[in-house]
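This report describes how parts of one protein chain pack against each other and against a neighbouring chain. The sequence and the model come next.

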Amino acid sequence: MYKIETTNINLFYGNFQALTDINLLIKENTVTALIGPSGCGKSTYLRTLNRMNDLIDDVRIEGKVLIDGKDIYEKKVDVVELRKQVGMVFQKANPFPKSIFENVAFGLRVNGINDQKYVAEEVERSLRRAALWDEVKDKLKKSAFELSGGQQQRLCIARALAIKPSVILMDEPASALDPISTAKIEELIYDLKKNYTIIIVTHNMQQAARVSDNTAFFYLGKLIEHGVTKEIFLNPVKEATQNYITGRFG
Amino acid sequence: MKSSEKYNKNKKRNQILVFSLFRVLNIAVIAILILILFFIFIRGYKTLSWEFITAMPEEGMTKGGIYPAIIGTLCLIGGSIIFAFPLGIFSGIYINEYTKNNWFKRFVSMMTNNLAGIPSIVFGLFGMALFVNTLGFGDSIIAGSLTLGILTLPVIIKTTEEALKSIDDSFRLGSYALGATKLQTIRKVILPIAFPNIITGLILSVGRVSGETAPILFTVAAYFLPKLPSGIFDQVMALPYHLYVISTSGTNITESRPVAYGTALVLIIMILIINLLANGLRMFFKNKVKMN
């Protein structure tokens with residue numbers, strides 16, 4: 001069974017159709033890169049997977065998104081529960097103006113977990129997972145804003161890990177970071193794959209090639225091609241894919 | 001080359017010219033404020049004494065103190081705060097966080113702006129009609145507080161709304177993505193960030209409440225009442241109205257003028273203290289939010 005199955009997703013912002021008939025199957029414990037030029041719908045597709053599009057006025061979504069075989073757009077689905085299962089990391093690191101500790105603990109606290117000892121353990125575990133613990137263990141009470149951009153992004157990943165999701169969505173997580181920080185994030189993605197299903201939107205072809213098992217190419221709201229990353233990059237079937245990855249448009 | 005040199009020279013000259021102009025205008029604004037304070041202080045400080053702020057007025061209000069007016073104004077500030085802060089803050093939160101951008105939101109926003117534009121004397125008449133007569137509160141602290149509260153509502157709603165609007169959406173999205181509900185997001189992420197700025201609106205509104213005369217004219221203010229209120233249905237004297245009375249209806253101007261300036265000085269000092277307190281609160285909340 002696939003971890004995520006999307007069938008015939010059509011998404012409209014008012015009268016504008018942003019996604020057309022997207023069919024995509026994603027296996028557990030893999031990294032899938034979504035690539036394509038700006039405005040192609042890859043981020044929009046990403047946000048359908050944790051229903052973040054629900055927050056935008058005037059959005060209409062058709063089709064089916066199954067995660068672990070369950071339709072996440074069914075009426076009885078609790079969006080809050082869904083978002084605990086499907087974590088998200090944004091393009092710009094967005095830590096809360098709270099301490100490093102409280103940032104990671106936030107997801108636990110809003111989900112009713114207040115056992116101090118357990119929270120502390122989970123915060124440490126998540127920070128270790130996000131390869132940030134050694135850098136921040138002595139200043140957990142300090143503001144998250146004191147961290148560098150790369151550290152902030154890893155903090156946001158730790159924050160997402162703390163609520164124990166099985167899927168992590170990443171919307172260009174390294175696009176605002178320097179090469180060293182980017183490399184750290186990429187290493188992290190590689191490590192996390194063992195335990196999580198990761199879907200990452202990226203504008204960086206090399207990054208897609210480096211971190212992902214599968215790649216999906218979006219263009220003008222359509223899924224043009226999807227397959228094993230190596231194949232997509234070496235022998236793309238469609239001409240548009242070929243043109244995009246070789247940089248002829250973008 | 002020549003012409004570009006000249007262009008650059010002009011560019012620099014204009015820059016200096018315009019900035020000097022801004023600076024002069026800015027200084028003028030500050031000068032006006034200082035002038036007012038200085039003017040009131042020079043004429044009022046001789047009247048100021050411990051007795052002046054703790055004693056009852058005597059002999060046609062030309063002797064004694066203004067104690068009941070100070071207490072009255074404090075009562076009105078307190079009353080209107082209790083009424084207007086929750087109502088205004090919750091309205092602001094509702095408008096910015098819960099309503100979608102549709103005709104309803106625009107309508108509420110337009111009405112809030114209109115409410116802010118209504119002359120304060122109209123609020124006074126409205127308060128008299130509704131609270132004093134229809135609801136039968138009579139001339140009382142509660143009628144006056146409610147009237148002043150309504151008067152300050154638009155300021156509180158607007159600043160709350162603006163404070164919330166200025167918060168980057170990434171905080172909200174980040175919170176939702178972690179499984180927080182809308183209410184949790186507002187309570188735990190948005191409000192702590194917005195609070196220091198909301199407080200600014202509250203400061204402004206408190207300043208306005210303590211200085212308004214027209215809304216309390218028909219709803220609470222007593223011309224001369226040398227005793228303290230014993231409940232919310234009592235009338236009180238209030239500083240701005242007292243100032244008005246002394247300045248207009250006295251027969252003995254040489255005796256009453258100093259009292260008027262003294263009263264004005266007390267009013268200004270009171271507002272100053274409130275602002276300082278509120279600023280302290282603002283800094284306190286700002287430090288609690290770890291922005292840097």
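Gly179(B) follows H7(B) and has a positive phi, near 85°. The model is a predicted one. Within H7(B), the buried residues are Arg172(B), Gly174(B), Ser175(B), Tyr176(B) and Ala177(B).

The cover over these buried residues of H7(B) comes from two chains. It includes helix H2 (79-85) and strand E6 (86-89) of chain A, together with H8 of chain B.

## Contact between the chains

Chain B brings 20 residues into contact with 24 residues of chain A. On the chain B side, the elements that give two or more residues are helix H7 (169-177) and H8. The largest share of that side, six residues, is from H7(B). By class, the side of chain B that touches chain A has 10 nonpolar, seven polar and three charged residues.

## Helix H8 against helix H11

From H8(B), the contact takes in Pro192(B), Phe195(B), Pro196(B), Ile199(B), Thr200(B), Leu202(B), Ile203(B), Val206(B), Gly207(B), Ser210(B) and Gly211(B). Among the residues of H11(B) that they meet are Leu267(B), Met270(B), Ile271(B), Ile274(B), Phe285(B) and Lys288(B). The contact of H8(B) with H11(B) holds 14 nonpolar, five polar and three charged residues.

## Helix H8 against helix H6

H8(B) also packs against H6(B). Helix H6 (residues 141-165) and helix H8 (residues 182-211) of chain B have axes 8 Å apart, at an angle of about 150°. The two helices are therefore roughly antiparallel to each other. H6(B) passes H8(B) in a right-handed crossing.

The residues of H6(B) in this contact are Leu148(B), Thr152(B), Val155(B), Ile156(B), Thr159(B), Thr160(B), Ala163(B) and Leu164(B). Their partners in H8(B) include Ile190(B), Ala194(B), Asn197(B), Ile198(B), Arg208(B) and Val209(B). By class, the contact of H6(B) with H8(B) has 11 nonpolar, seven polar and one charged residues. Thr200(B) and Leu202(B) of H8(B) are among the residues that meet H6(B), and they are also among those that meet H11(B).

## Helix H6 against helix H5

H6(B) has a further partner in helix H5 (residues 120-134) of chain B, where the packing angle is about 135° and the axes are 9 Å apart. H5(B) and H6(B) are therefore oblique to each other. Their crossing is right-handed.

Ser120(B), Phe123(B), Gly124(B), Gly127(B), Phe131(B) and Val132(B) make the contact from H5(B), and Ala143(B), Leu146(B), Thr147(B), Ile150(B) and Leu151(B) make it from H6(B). Seven of the residues in the contact of H5(B) with H6(B) are nonpolar and four are polar, with no charged residues.

## Domains of chain B

The domain assignment divides chain B into domain 1 (1-44) and domain 2 (50-288). The centres of the two domains, taken over C-alpha atoms, are 34 Å apart.

Where the domains of chain B touch, five residues of domain 1 are in contact with five residues of domain 2. The domain 1 side of this contact has three nonpolar, one polar and one charged residue.

Methods: Residues numbered from 1 in each chain as written. Chains lettered and ligands numbered in written order. Predicted model: local features only at pLDDT ≥ 70, side-chain atom pairs only at ≥ 80, totals over all residues. Domains from an automatic or database assignment. Contact = placed C-beta atoms within 7 Å. Nonpolar A, V, L, I, M, F, W, Y, C, P; charged D, E, K, R; others polar. Axes fitted to C-alpha atoms, helices over the stretch in contact; angles between N-to-C directions. Helix = DSSP H or I, 4+ residues; strand = E, 2+ residues; numbered from the N terminus. Parallel < 35°, antiparallel > 145°, perpendicular 65-115°, else oblique. Left-handed = near helix turned anticlockwise from the far one by under 90°. Buried ≥ 20, exposed ≤ 12 C-beta atoms within 10 Å, placed from the backbone.
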